[in-house]
Amino acid sequence: MRLLHISDIHAGKSLGRVSRNQDVAYALEQIVAFCKENKPELVLVAGDVFDKANPDNEAKEIVFDFFLQLNSLGIPSVVISGNHDSYDFMKSLSKLLKVINTFVFHKPDLENGIFEFNNLKVACLPYPSERVLTRAGEDAKLSYAVVVEKALKYLYSKVSGATFKVLLTHLFVAGSKFTKTEREASISQYYAVEPSSIPEGFDYVALGHIHGYQRLEKVVSHAYYTGSLFQLDFSESGQDKFFNLVELKEGEPPRVEAVKLSLKNPLHSVEINQEDYRRELEELKLLDGYLKVHLIVKDKIKVNLVVDTIKEVLGEKLIKLELLTPEEILSRKIKEYKEITKVNLFELYREYFKENYKKELPKEILETVIALYEKASKEL
Ligand SMILES: [Mn+2]
């Protein structure tokens, strides 16, 4: 059985004043062309179909066209909501999309979360928002991660008899590497689900939410984030984008092939210096896609001419221009690092120590680590 796993379409996304719908369309066209050629039996969409609760009409048309084309190739799709999708909007589409063999699971529903397809069962867990999972009731006191773990185990029990068992979900598994576009609140540690919460018996786990392509090494089943279909914003600049072709054979591990997408508009985040900006501009104006330019200035006065020239030369390609002093660049990098890691370094070290040395971290070692960290921060 051959499946296609795609994720994080984010139709309706814009970057500053620029709509990214053409980037979405370009990615989906490539996927349709791939399907025509390779004939997978089913397409799995792991959430964040739309970028917002009320996507614009063009975004909707692009998404509906995609599913219409898959249907005319005879390929059904299973779709779950991500954290960017509105449960209610996805629900409003579900009956209509079923007519074109696009099966939408809009909201976590453990009793009705199984999609059956020949000898395959897909356990579908749309983005389990904290609001939905921990309402009043017996689970209210349990932490989010524990409730999600229970849900995954329950779903697994409902697919366990099938020849092929796949999990389709949209959540943050602890230990995955994220960019900054996944939406901050939902990637805090509170929402992290432990890799061990994913039942081992799934043949393949199709994940959405994290935008950088990756396999989760700590999960026993073959678990992948295929990531967003195009570079959503400048924190994803330089990232290649993929979807997975997954081949399931009885008694064998799945064969997973990452298929690379080409990008309509690659994003570039660049720094240029006030002194030699003219020379750098000559190179930048030849780049495809969109630019975010950090202009490094000695002082912020007398730069009007430089700014005007940059705007004129780069035109529509320029999405954002920021003036920064070298000191500001440095402090920003430190801040970004803290945001990206989003964890308490010392907590992380404590866990690392415990895992490796099989005992609690002694207080004196922690004190030494903190002192070293503070010393290093000052030197930066
Ligand atoms: Mn997303």
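Guide: In this predicted model, a helix is a DSSP run of H or I with at least four residues and a strand is a run of E with at least two, and both are numbered from the N terminus. By that naming, α2 (57-72), α3 (87-99) and β6 (102-105) each supply at least two residues of the lining of the second largest cavity.

Visitor: Which residues line the second largest cavity?

Guide: The lining is made up of V49, F50, V63, F67, V79, M90, L93, L97, T102 and V104, and α3 gives the most, with 3 residues.

Visitor: What makes a space a cavity rather than a pocket?

Guide: A space is called a cavity because a 1.4 Å probe fits there but cannot get out, whereas a pocket is open.

Visitor: Why is H209 called buried?

Guide: Buried means under 20% relative accessible area, and H209 has 1%, so H209 is buried. This residue lies in the loop between β10 (204-208) and β11 (214-215), and its phi is near 125 degrees, a positive value in a residue other than glycine.

Visitor: Where is K39 found?

Guide: K39 is in the loop between α1 (21-38) and β4 (42-45), and although it is not a glycine, K39 has a positive phi of about 45 degrees.

Key
Residues numbered from 1 in each chain as written. Predicted model: local features only at pLDDT ≥ 70, side-chain atom pairs only at ≥ 80, totals over all residues. Heavy atoms only, no water. 1 Å grid on protein atoms, 1.4 Å probe; cavity = no way out; pocket = protein on both sides within 12 Å on 5 of 7 lines; lining within 4 Å. Buried < 20%, exposed > 50% of the residue type's maximum accessible area, 1.4 Å probe, protein only.
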